[in-house]
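This briefing goes through one protein chain by topic. Please look over the sequence and the model before reading on.

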Amino acid sequence: MDLIHRDFLASMVHHYATSATVEPMPHALEVFATLRDGGIRVALDTGFSRPILNSILRRLGWDSPKILDATVASDEVARGRPAPTSCFTLYGARRSAVARPAVRAARLRRFHCLFGLTGSA
């Protein structure tokens, strides 16, 4: 099982590092800049593991603290999706704008987070 997972992980990391289909959503950087200019920290929450997330961030050029204030991957929290653990982890950084599906927005509004839609399923 370990070998299968390692192969899968390597394949995913390679795909996100090299695929021409990996690109930011339109105006994402402008939204991030506007939020940061307004004093709102921008964070990214994902269901991917850290190696895959890092591959995506490098591919998009978002692996700079000038773009994102914080990120959290599913393998860094005790309970992954659909539990809101990763959002709570990010909220610990206070006043973050969390890019994640809006379906979670109602549950977490009380934490004063701002939500955006992503292109993931």
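**Overview of the chain**

Among contacts in the protein chain with a separation of 6 or more, 59% are between residues 24 or more positions apart. The model is a predicted one. Its secondary structure comes to five helices and four strands, in the order α-α-β-α-β-α-β-α-β from the N terminus on. Of the 121 residues in the protein chain, 36% are buried.

**Packing of α1 and α3**

- Helix α1 spans residues 2–18 and helix α3 spans residues 50–60; the two pack at an angle of about 10 degrees, and their axes are 8 Å apart.
- Angles under 35 degrees count as roughly parallel, and α1 and α3 are therefore roughly parallel to each other.
- The crossing in which α1 passes α3 is right-handed.
- On the α1 side the contact is made by L9, M12, V13, Y16, A17 and T18, and on the α3 side by P51, I52, S55, I56 and R59.
- By type, the residues of this contact between α1 and α3 divide into eight nonpolar, two polar and one charged.
- Residues three or four places apart in an α-helix point the same way, because the helix has 3.6 residues a turn.

**Helix α3 and its cover**

- Buried residues of α3 are R50, I52, L53, S55, I56, L57 and L60.
- The elements that cover these buried residues of α3 include α1, β1 (41–45) and β2 (70–72).
- S55 lies in helix α3 and has a relative accessible area of 2%, so S55 is buried.
- With neighbours within four places in sequence left aside, S55 is in contact with V13, Y16 and A17; V13, Y16 and A17 are among the residues through which α1 makes its contact with α3.
- I56 is also placed in helix α3, and its relative accessible area of 14% makes I56 buried.
- Leaving aside neighbours within four places in sequence, I56 is in contact with Y16 and F48.
- The C-alpha atoms of I56 and T18 are separated by 9.5 Å, and these residues are 38 residues apart along the chain.
- Just after α3, G61 has a positive phi of about 75 degrees.

**The loop between β1 and α3**

- S49 is located in the loop between β1 and α3.
- The relative accessible area of S49 is 18%; buried means under 20%, so S49 is buried.
- Not counting residues up to four places away in sequence, S49 touches L9, A73, S74 and D75.
- One of these, L9, also belongs to the α1 side of the contact with α3.

**The aromatic pair F32 and W62**

- How many aromatic pairs does a search of the whole structure find? The search finds two.
- F32 and W62 form an edge-to-face aromatic pair, with 5.0 Å centre to centre and 70 degrees between the planes.
- This pair links distant parts of the chain: F32 is in helix α2 and W62 is in the loop between α3 and β2, 30 residues apart.
- F32 and W62 are both buried.
- For F32 the relative accessible area is 10%, so F32 counts as buried.
- Besides W62, the contacts of F32 include V42, I67 and L68, leaving aside neighbours within four places in sequence.
- F32 and A43 are 11 residues apart along the chain, and their C-alpha atoms are separated by 9.3 Å.

**The loop between α1 and α2**

- H27 is found in the loop between α1 and α2 (28–37).
- The phi of H27 is near 70 degrees, a positive value in a residue other than glycine.
- Is H27 buried or exposed? H27 has a relative accessibility of 56%, so H27 counts as exposed.

Notes
Residues numbered from 1 in each chain as written. Predicted model: local features only at pLDDT ≥ 70, side-chain atom pairs only at ≥ 80, totals over all residues. Heavy atoms only, no water. Axes fitted to C-alpha atoms, helices over the stretch in contact; angles between N-to-C directions. Parallel < 35°, antiparallel > 145°, perpendicular 65-115°, else oblique. Left-handed = near helix turned anticlockwise from the far one by under 90°. Contact = heavy atoms within 4.5 Å. Nonpolar A, V, L, I, M, F, W, Y, C, P; charged D, E, K, R; others polar. Buried < 20%, exposed > 50% of the residue type's maximum accessible area, 1.4 Å probe, protein only. Phe/Tyr/Trp six-rings, centres within 6.5 Å; stacked < 30°, edge-to-face > 60°.
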